[in-house]
Amino acid sequence: MADNRIYDPQKIEQKWLEIWAKNKTYSLKSSKQDPKYYALEMFPYPSGEPHMGHARNYTIGDVVARVYSRLGYNVMHPIGYDAFGLPAENAAIKSGIHPKDSTMANIEKMKKALKRMAITYDFEDEIITCEPDYYRWTQWLFLLFYKMGLAEKKEAPVNWCDSCQTVLANEQVIGGLCERCDSQVRKRVLSQWFFKITDYAQRLIDDMAIIEKGWPERVLTIQKNWIGRSEGARVVFKLEGNKESPGMPVPVFTTRPDTLFGVTFFILAPEHPFIDEIVTDASYKKKVEEIKNIISRQTDIERGSAEIEKIGCFTGRYVINPLNGERVPVWIANYVLLEYGTGAIMAVPAHDTRDFDFAKKYGIEIREVISPDGSDHGELQSAYTGEGIMINSGKFSGINSEKGKKDIIKFLVDNKIGSSDINYKLKDWLISRQRYWGAPIPVVYCKKCGTVAVPEEDLPVLLPYNVDFKPTGLSPLEYSDGFVNTKCPSCGGPARRETDTMDTFVCSSWYFLRYCSPHLESEAFDSREVKYWMPVDQYIGGIEHATMHLIYARFFTKVLYDAKLIDFVEPFIKYYPHGVVTLGGQKMSKSKGNIVNPSEIYNKFGADTLRLYILFIGPADSMVDWSDTGAEGSSRFLKRFWKIISDNIETIDSSGLLSAENYNESRTGSSGLPAFFGQINKKLKNDFISGELAGPEKEVLRKLHQTIKKVTMDILNRFNFNTAISSIMELVNLMYKYNDEVKTDKRNTALLYEVSFKALLLLSPIAPFLTEELASRFKIKSSIHKIPWPGYDEEIAKADLVTVVFQVNGKLRDKAEMPAGSSKQELEEAALSSEKIKHFIQGKEIIKKITVPDKLVNIVIKN
């Protein structure tokens with residue numbers, strides 16, 4: 001027994017790892033007769049051993065999955081690897097190790113660490129996106145999009161990283177820099193493949209109503225802002241013709257049609273295709289090219305910033321304002337982007353800050369047309385961007401600007417010079433990448449047949465292994481003759497394969513569906529399995545993916561719904577964004593070299609300490625700073641927990657409760673618990689209600705039920721793992737207090753059994769190794785991780801008395817012990833009866849009384 005009292009985490013954890021692997025204890029699936037629960041964390045990019053951000057993500061999900069399993073749910077908790085991507089390719093260029101080899105080696109490292117951390121994954125069902133049996137179906141989905149008219153190739157200015165030698169989606173450009181390598185990003189015009197996510201812009205907004213109860217409001221707000229819905233008008237200006245260039249319509253989108261009379265200049269984005277066509281005068285052409293070259297070196301982020309210096313030039317051409325017939329000079333300027341709206345804007349400097357700055361710099365007229373008070377203020381010192389009264393606006397003058405918007409739109413429609421319109425900032429999803437390590441796009445180009453989709457029966461289009469993947473600005477696959485040269489599926493003639501590969505976000509936009517049938521060879525997913533498991537009940541991952549992965553996954557789901565392949569439109573019922581783990585205030589990053597690997601902690605203190613501390617360090621959705629001292633504190637608590645439970649087991653054993661007779665199979669229920677366990681529970685409750693259980697024993701039992709209630713609510717309803725752990729610590733402190741106050745031979749061994757074993761149950765999802773070892777010493781035949789989650793009794797959990805604070809105008813004036821659950825009326829009567837309160841409120845008018853049940857009464861008086 002002496003040796004058993006020593007907490008040796010390395011020995012204990014190795015022992016149970018072997019037993020669990022043999023018994024497949026990590027699998028949480030039960031029966032499809034049970035209610036289902038699909039718990040999913042965003043799958044990792046396999047860069048090697050997981051970092052603390054991974055540890056936090058997967059431990060959170062693991063605890064939730066474990067508890068739902070113990071509540072009787074059939075739980076799917078899968079794992080896979082987002083295995084394609086630039087980091088592996090960039091690392092391969094430096095090291096010479098092939099991306100496939102390094103990726104598979106890193107997966108093994110990550111898998112080893114996840115197993116060591118006791119994350120309950122079915123590793124037999126894992127998916128790896130760089131394997132042909134997965135990307136075959138990614139390619140199949142591309143073909144589906146192509147057939148539905150949602151995949152198209154077109155020329156467009158794209159974000160180009162010279163360092164990575166590839167195109168980046170807008171979401172992958174952070175502050176004008178590549179999210180992967182922090183290099184400056186520039187614009188380049190290329191022919192690229194796009195998914196038409198803009199066709200789903202409104203549905204992405206509307207369907208937020210389906211998930212708003214399960215998603216944080218801030219995440220949905222981020223997505224709404226990214227989609228950027230704007231209501232306004234489409235107004236058609238007409239380019240004034242000349243000898244070299246005829247007139248042509250140039251539409252604009254505006255959210256302020258009420259300011260149309262204030263248009264004093266017109267701007268085209270420098271990349272607008274009309275520029276080369278309309279600028280024909282040599283004297284203007286030279287200046288335009290000069291300004292275009294300067295602007296080309298600025299990123300979209302910089303150009304969209306309010307702080308950037310506005311630059312531009314006159315093109316020598318004019319458009320006609322359709323509302324008043326005025327000739328309006330056409331300029332180019334850096335702050336107008338081709339990607340937003342039509343790539344052209346009507347500039348109203350009196351009522352737009354950027355237009356005002358530009359007009360001031362270049363001496364362009366500023367005409368006030370919206371006045372806050374209805375009067376003309378002459379020369380303006382700044383742009384007025386609010387609502388008001390329309391002035392200098394012809395027959396619309398004197399009208400409130402809100403009404404003016406509607407009236408002008410009606411005028412535009414009636415005269416066929418415009419219409420009401422809705423615009424979105426969201427742009428089509430650029431999926432082409434000029435890199436090697438990605439899923440090949442299943443398309444060939446034939447001189448006779450044009451663009452031809454690869455037949456489904458010819459999938460997968462395999463990514464060749466022997467390729468020189470050094471970046472050149474073209475895809476490395478361009479130089480692989482064996483890959484490029486093929487036969488046209490339509491005519492059998494010579495053809496060339498598409499050499500761009502797909503953005504890795506394509507792979508991660510549907511992986512949650514593949515988990516439902518990961519070994520299926522005939523289809524991307526089994527519709528029956530998807531119908532049972534989907535949507536995901538709880539999705540967990542970083543908020544940094546709000547405008548990338550989460551939007552793309554929602555988009556994919558809606559497309560598959562439209563294709564009648566699934567019967568739901570949202571993939572994730574609930575989404576929880578965990579906070580970032582920092583070190584010294586900086587986000588942990590392998591590229592920056594400031595990381596603490598989980599192995600450093602579990603090799604020193606054990607995986608239970610790692611799991612406990614990563615959950616206890618702070619609220620799960622907040623940024624937290626790693627501390628080795630904190631990990632040591634968590635280790636000390638586990639030793640303290642180990643000791644009190646070990647001491648109690650010794651006392652219980654000496655009473656005969658752990659005798660072989662009590663654990664006879666005929667006396668053991670289906671849960672693995674002995675029959676007398678339920679008898680103990682029932683007797684303690686009866687003794688509590690009858691009053692036979694009193695003093696410290698009553699206090700311990702009440703605290704146990706309060707702790708069960710709080711831990712359950714904190715984990716399942718609030719994800720407050722840190723406060724759940726705090727409540728377990730409080731219970732442990734009370735257990736020590738009870739043992740200190742009551743001699744060993746006087747202790748209630750039935751109570752010790754109840755509180756000790758249920759304390760193990762509560763801690764078991766968080767510290768699975770220690771609790772399994774201690775549970776085995778209770779001679780339970782089942783794993784503790786298969787024993788049902790404990791319930792609590794509201795009657796027992798209810799506190800007898802609570803301290804209620806009495807305030808006057810928010811200041812503490814008195815307090816009293818009150819029966820828990822006292823009514824609002826009872827609390828207020830007690831406060832008003834207090835002599836101290838009477839002293840402060842005598843002769844004063846009571847404005848209102850604010851009452852918080854079981855906590856406070858605040859009497860607000862008029863001073």
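Q: What links Phe142, Phe145, Tyr146, Trp193, Phe195, Tyr200, Trp429, Phe505, Tyr552, Phe555 and Phe556 into a cluster?
A: Ring pairs join these residues, and rings of Phe, Tyr and Trp (for Trp, its six-membered ring) are said to pair if their centres lie within 6.5 Å, with planes under 30 degrees apart counting as stacked, over 60 as edge-to-face and the rest as tilted. The model is predicted, with local features needing pLDDT of at least 70 and side-chain atom pairs counting only at pLDDT 80 or more, while totals for chains, interfaces and linings use all residues. Residues are numbered from 1 along each chain as its sequence is written, and side-chain values use heavy atoms, leaving out hydrogens and water.

Q: How many aromatic pairs does the structure hold, and what makes the pair of Trp137 and Trp140 edge-to-face?
A: There are 56 aromatic pairs in the structure. In the pair of Trp137 and Trp140, the ring centres are 6.0 Å apart and the planes make 70 degrees; the distance is within 6.5 Å and the angle is over 60 degrees, so this pair counts as edge-to-face. Both residues lie in helix α5 (residues 132-147), three residues apart, which is about one turn of the helix; helices (H or I, at least four residues) and strands (E, at least two) are DSSP runs, numbered from the N terminus.

Q: Why is Trp137 called buried?
A: Buried means under 20% relative accessible area, exposed means over 50%, and partly exposed lies in between (1.4 Å probe, protein chains only). Trp137 has 5%, so it is buried, and Trp140, at 17%, also counts as buried.

Q: What makes the pair of Tyr539 and Phe572 stacked?
A: The centres of Tyr539 and Phe572 are 3.9 Å apart, with 15 degrees between the planes, and because that angle is under 30 degrees, the pair is stacked. Tyr539 lies in strand β26 (residues 538-540), whereas Phe572 lies in the loop between α18 (549-562) and β27 (575-576), so the pair ties together parts that are 33 residues apart in sequence. Tyr539 is buried, with a relative accessible area of 0%, and Phe572 has a value of 0% and is buried too.

Q: How do you know that the charged end of Lys32 sits over the ring of Tyr532?
A: A charge sits over a ring if NZ of Lys or CZ of Arg is within 6 Å of the ring centre and within 35 degrees of the ring normal. The charged end of Lys32 is 5.1 Å from the centre of the Tyr532 ring, and that of Arg497 is placed over the ring of Phe483 at 5.8 Å from its centre; each distance is within 6 Å, as the definition requires.

Q: Which are the edge strands of the open sheet, and what makes them so?
A: The open sheet of four strands has the order β2-β1-β26-β27, with parallel pairing. The edge strands are β2 (74-76) and β27, each of which pairs on one side only.

Q: How do you know that strands β1 and β2 pair?
A: Two strands pair if DSSP finds at least two bridges between them. Three bridges join β1 (residues 36-41) to β2, so the two strands meet this requirement, and Tyr37 stands opposite Val75 in β2.

Q: What makes Pro46 buried, and which residues does Pro46 touch?
A: Pro46 is found in the loop between β1 and α2, and its relative accessible area is 2%, which means that it is buried. Contact means heavy atoms within 4.5 Å, and, not counting residues up to four places away in sequence, Pro46 touches Tyr81, Asp82, Ala83, Thr103, Asn106, Ile107 and Met110. The C-alpha atoms of Pro46 and Tyr81 are separated by 6.3 Å, although these residues are 35 apart along the chain.

Q: Why does Ser69 count as buried?
A: Ser69 is found in helix α2, and at 18% relative accessibility it is under 20%, so it counts as buried. Leaving out residues up to four places away in sequence, Ser69 touches Leu28 and Val75.
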